[in-house]
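Please read the points below with the sequence and the structure open side by side.

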Amino acid sequence: MKFVAFERNLQGTGASRRLRVAGKVPGIVYGAGEPALIELDHNALYHALKKEAFHSSLLDMELNGAVTQVLLRDFQVHPYKPQVLHCDFQRVDATTRITKKVPLHFVGEDTSVAVKTDHCTVNHVITELEIACLAQQLPEFIEVDLSGMTQGHSLHVNDIKLPAGVKIVTHGKPNPVVATPIAPAAEEVIVVAAPVVDDGKKKKKK
């Protein structure tokens, strides 16, 4: 994905406010050289942020006629308005090692024994993973194959097939659960007692 940035000469709260009023977003690019203050078109950035690839892949940033590869590192939005307030990018090259979260794409769930035969539902416990790799090896997403899932057996991080050069960074548990099948709830059978019918007849006393 490619986007165009422009040099930002003024900084400070007042300058940033004027940029936002003019439909621009202040930002910064750091790494692999001196930090550069930039501004971007708000509407173009707002729509780009809705795309998954903009968050988890290398981006071509055009600035002053030169194209540099960058990663989106952070952005701030208004607490209740549909407005982007600021964004941070990192320059990368062939030697840059990065740590970044990427989304998981689940496939094969409907054809698994757990779902097709045992009628389980699959709970996606984790929907993104933090990985470490060279910037050039960054995958846009990681595919997780659930076609072999069976009832009573969860899929863990170590079960995921990773692209070359990619390592998973875990915090806490070394091999957390990624997805787990949940068996269907047993149907509750309610037995209703038949009503007692009073026929009006009384037993005679002996």
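1. His 78 lies in the loop between β5 and β6. Strands (E, at least two residues) and helices (H or I, at least four residues) are DSSP runs, numbered from the N terminus. Is His 78 buried or exposed? His 78 is buried, with a relative accessible area of 17%. Buried means under 20% relative accessible area, exposed means over 50%, and partly exposed lies in between (1.4 Å probe, protein chains only). When neighbours within four places in sequence are left aside, His 78 is in contact with Gln 83 and Leu 85; contact means heavy atoms within 4.5 Å.

2. A note on the source is needed here. This is a predicted model, in which local features need pLDDT of at least 70 and side-chain atom pairs count only at pLDDT 80 or more, while totals for chains, interfaces and linings use all residues. Residues are numbered from 1 along each chain as its sequence is written, and side-chain values use heavy atoms, with hydrogens and water left out.

3. Strand β5 (residues 66-77) runs antiparallel to β6, and seven bridges join the two; two strands pair if DSSP finds at least two bridges between them. Val 77 has Val 84 in β6 as its bridge partner. Strands of a sheet pair through backbone hydrogen bonds, either parallel or antiparallel.

4. Why is strand β6 described as largely enclosed by the rest of the structure? Six of the eight residues of β6 (residues 84-91) are buried, so the strand is largely enclosed. β6 also runs parallel to β2, with four bridges joining them. In this pairing, Val 29 stands opposite Phe 89 in β6.

5. Which residues of helix α1 (residues 13-21) are buried? They are Ala 15, Ser 16 and Leu 19. Seen down the axis of α1, these buried residues fall within an arc of 100 degrees, so they line one face of the helix; the arc is that of the directions from the helix axis to the C-beta atoms. An α-helix has 3.6 residues a turn, so residues three or four places apart point the same way. On the other side of α1, Thr 13, Arg 18 and Val 21 are exposed. The buried residues of α1 pack against β2 (24-30) and β3 (36-41). Just after α1, Gly 23 takes a positive phi of about 80 degrees.

6. Strand β9 (residues 128-134) has two pairings to examine, with β7 and with β12. With strand β7 (residues 97-107), β9 pairs in the antiparallel sense over seven bridges, and Pro 103 has Glu 128 in β9 as its bridge partner. With strand β12 (residues 167-169), β9 pairs in the antiparallel sense over three bridges, and Ile 131 stands opposite Ile 168 in β12.

7. An open sheet of three strands has the order β8-β13-β11, with antiparallel pairing. Its edge strands are β8 (121-124) and β11 (155-156), each of which pairs on one side only. Two bridges join β11 to strand β13 (residues 177-182), and Leu 155 has Ala 179 in β13 as its bridge partner.

8. Finally, the protein as a whole has four helices and 13 strands. Buried residues make up 34% of its 206 residues. Among contacts between residues at least 6 apart in sequence, 66% join residues at least 24 apart.
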